[in-house]
Amino acid sequence: MIIILLGAPGSGKGTQAKMLSSKFNIPHISTGDIFRRNIKENTLLGKKAKMYIDKGQLVPDEVTCEIVDDRINMDDCRNGFILDGFPRTIFQANELENMLQKLQLEINYVLNIVVTNQSVITRISGRRMCNCGQIYHIDRNPTKIDGICDVCGEATYIRDDDQPKTIKTRLQAYHQATKPLEDYYLKKGLLINIDGEPAPKEVFNEVVTVI
Ligand code: AP5
Ligand code: MG
């Protein structure tokens with residue numbers, strides 16, 4: 001099963017993708033997470049991506065498409081995968097079609113998580129991350145012990161691009177480059193809108209019902 005998660009920054013793509021990945025036992029592929037890992041490890045890809053991510057801009061299509069192509073060709077993707085944050089431009093969507101054609105695979109669902117701009121701001125400004133992949137929110141989904149991940153016990157942190165000025169640019173990039181994908185996938189009969197406002201578990205129940 002191949003699932004694409006569309007939605008604004010902070011809409012809950014990562015949160016839902018994690019739950020979907022454990023329920024259906026397929027890998028969660030987040031281009032944002034791959035970039036952040038590379039930035040942390042100071043790789044060439046990380047250095048390239050950081051210049052854009054820190055400003056809230058999209059990383060160039062060629063760079064992004066290459067890492068996705070490499071990732072979905074790995075053995076663990078044979079039974080499907082969840083794409084979180086990719087594609088984000090029409091160019092990337094067309095490239096994905098080509099990649100999948102070569103693998104003789106097809107997209108099953110494009111889930112578009114719909115939230116208001118206000119929710120985006122509230123969610124991103126209260127988000128806390130852990131290196132193990134867990135995502136928290138200081139009010140909505142807090143850690144049991146303040147600042148310590150429930151799962152691995154490491155300290156949680158605030159993402160570098162979760163600053164008010166950068167959030168504004170990220171939202172602009174979303175509206176300009178990514179929103180048109182709704183129409184793209186609607187025309188292909190793949191788009192399903194999901195109300196992202198309720199609590200994470202309720203959103204997840206809706207997603208599972210739809211699937
Ligand atoms: P990326 O990491 O993908 O960031 P994003 O799209 O901005 O999305 P977020 O990760 O911020 O939000 P999310 O939707 O995953 O929400 P989350 O579940 O964390 O990309 C980062 C950057 O990398 C981009 O800006 C770009 O530069 C680059 N990049 C990545 N992919 C690219 C691509 N394809 N092309 C070009 N460049 C690319 O939830 C947010 C918060 O809300 C959390 O605190 C969570 O606990 C809380 N929350 C979640 N669900 C709920 C709920 N239902 N109710 C209440 N709170 C909730
Ligand atoms: Mg995310």
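This is a predicted model: local features need pLDDT of at least 70, side-chain atom pairs count only at pLDDT 80 or more; totals for chains, interfaces and linings use all residues.

Residues are numbered from 1 along each chain as its sequence is written, chains are lettered from A and ligands numbered from 1 in the order in which they are written, and side-chain values use heavy atoms, with hydrogens and water left out.

The ligand site comes first. Around ligand 1 there are 35 residues, of which Thr15, Gln57, Arg88, Arg127 and Arg170 come nearest; a residue is near a molecule or strand if one of its heavy atoms lies within 4 Å of it. The shell divides into 13 nonpolar, 13 polar and 9 charged residues. In this division Ala, Val, Leu, Ile, Met, Phe, Trp, Tyr, Cys and Pro count as nonpolar, Asp, Glu, Lys and Arg as charged, and the others, Gly among them, as polar. Four elements, α1 (13-24), α2 (31-40), β6 (135-137) and α9 (200-210), each supply at least two residues of the shell, and the largest share, 4 residues, comes from α2. Such elements are DSSP runs numbered from the N terminus, helices being H or I with at least four residues and strands E with at least two.

The backbone of the protein also makes polar contacts with the ligand. A polar contact is a pair of N or O atoms within 3.5 Å; within protein, one must be able to donate a hydrogen and the other to accept it, and residues adjacent in sequence count only if both atoms are side-chain atoms. A polar backbone atom of Gly14 is 2.9 Å from an oxygen atom of ligand 1. Nitrogen atoms of the ligand lie 2.8 Å from a backbone N or O atom of Gly85 and 2.7 Å from a backbone N or O atom of Pro198. Taken alone, ligand 1 exposes 1000 Å², and the protein buries 98% of that; these areas come from the Shrake-Rupley method with a 1.4 Å probe, and for residues only the protein chains shown count as cover.

The cysteines are considered next. A disulfide is a covalent bond between the sulfur atoms of two cysteines. With the criterion of a pair of cysteine sulfur atoms within 2.5 Å, the structure holds 0 disulfides. The sulfur of Cys77 is too far for a bond, because the closest cysteine sulfur, in Cys65, is 16 Å away. Cys149 is in no disulfide either, and the nearest cysteine sulfur, that of Cys130, is 3.7 Å away. Cys77 counts as buried at 1%, and Cys149 counts as buried at 3%.

Helix α8 (residues 180-187) has two sides. Its residues Leu181, Glu182, Tyr184 and Tyr185 are buried. They lie on the same side of α8 because they cover an arc of only 160° around the axis, the arc being that of the directions from the helix axis to the C-beta atoms. On the other side of α8, Leu186 and Lys187 are exposed. An α-helix has 3.6 residues a turn, so residues three or four places apart point the same way.

The loop between β6 and α7 (164-178) contains Thr143. Thr143 is buried, with a relative accessible area of 15%. The side chain of Thr143 reaches the backbone oxygen of Ile145 at 2.8 Å, and a polar atom of that side chain lies 3.4 Å from the backbone nitrogen of Gly147. Cys152 has its place in the loop between β6 and α7 and counts as partly exposed at 37% relative accessibility.

Most residues other than glycine have a negative phi, and most peptide bonds are trans. A cis peptide bond joins Phe86 and Pro87, with omega about -5°, and Pro87 lies in the loop between β3 (81-84) and α5. Asn25, although not a glycine, has a positive phi of about 55°. Asn25 lies in the loop between α1 and β2 (28-30) and is exposed, with a relative accessible area of 68%. Asn42 is not a glycine but has a positive phi of about 60°, and Asn42 lies in the loop between α2 and α3 (44-53).

Key
Buried means under 20% relative accessible area, exposed over 50%, partly exposed in between (1.4 Å probe, protein chains only).
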